[in-house]
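Work through the exercises below with the sequence and the structure at hand, and try each task before reading its solution.

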Amino acid sequence: MKFQTLNPTTGDVLSNYEHISWQKAEIAIQAAHDEFKKWKKESFAERGKVLLALARSLAEAKTSLARSMTLEMGKSEAEAKLEI
């Protein structure tokens with residue numbers, strides 16, 4: 001079964017996706033939980049380094065992410081950039 005993402009402003013199809021099986025979803029959930037168990041043992045300093053790297057990545061990708069948000073959610077580009 002497939003599903004689509006639509007531009008809410010125009011109704012245009014942006015992408016098509018296949019649903020994953022319950023088994024694949026459960027595997028992904030378990031993997032995320034396993035990583036969380038590791039993450040919660042990290043020091044605040046180490047977590048901070050990861051979060052700062054994430055913030056830098058988001059800042060670098062701000063324009064392309066804002067464009068996606070505009071297409072997928074109907075936000076203005078300025079509004080999307082503020083949210084990022």
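**Exercise 1.** Determine how the radius of gyration of the protein chain compares with that of a compact globule of 84 residues.

*Solution.* The model is a predicted one. Begin with the reference value: a compact globule of 84 residues would have a radius of gyration near 12 Å, whereas the protein chain has 17 Å. Next, consider the extent of the C-alpha trace, which spans about 45 × 35 × 15 Å along its principal axes. Then turn to burial, where a residue must have under 20% relative accessible area to qualify; 7% of the 84 residues count as buried. Finally, take the contacts with a separation of 6 or more, of which 20% are between residues 24 or more positions apart.

**Exercise 2.** List the secondary structure elements of the protein chain in order from the N terminus.

*Solution.* Count the elements to find four helices and two strands, and then read them from the N terminus on, which gives the order β-β-α-α-α-α.

**Exercise 3.** Identify the residues of the nonpolar surface patch, and decide whether Val-50 is buried, partly exposed or exposed.

*Solution.* The patch is formed by Phe-36, Trp-39, Val-50, Leu-51, Leu-54, Leu-58 and Leu-65, which together have about 590 Å² of accessible area. Assigning them to elements shows that α1 (22-39) and α2 (44-60) each supply at least two residues, with the largest share, four residues, coming from α2. Val-50 lies in this helix, α2. Because its relative accessible area is 44%, Val-50 is classed as partly exposed, a class that lies between the limits of 20% and 50%.

Key: Residues numbered from 1 in each chain as written. Predicted model: local features only at pLDDT ≥ 70, side-chain atom pairs only at ≥ 80, totals over all residues. Heavy atoms only, no water. Patch = residues over 30% accessible without salt bridge, like charges linked within 9 Å, V, L, I, M, F, W, Y side chains within 5 Å. Areas by Shrake-Rupley, 256 points an atom, 1.4 Å probe, with all protein chains shown as cover. Salt bridge = Lys/Arg side-chain N within 4 Å of Asp/Glu carboxyl O. Buried < 20%, exposed > 50% of the residue type's maximum accessible area, 1.4 Å probe, protein only. Rg over C-alpha atoms; globule rule 2.2 N^0.38 Å. Contact = heavy atoms within 4.5 Å.
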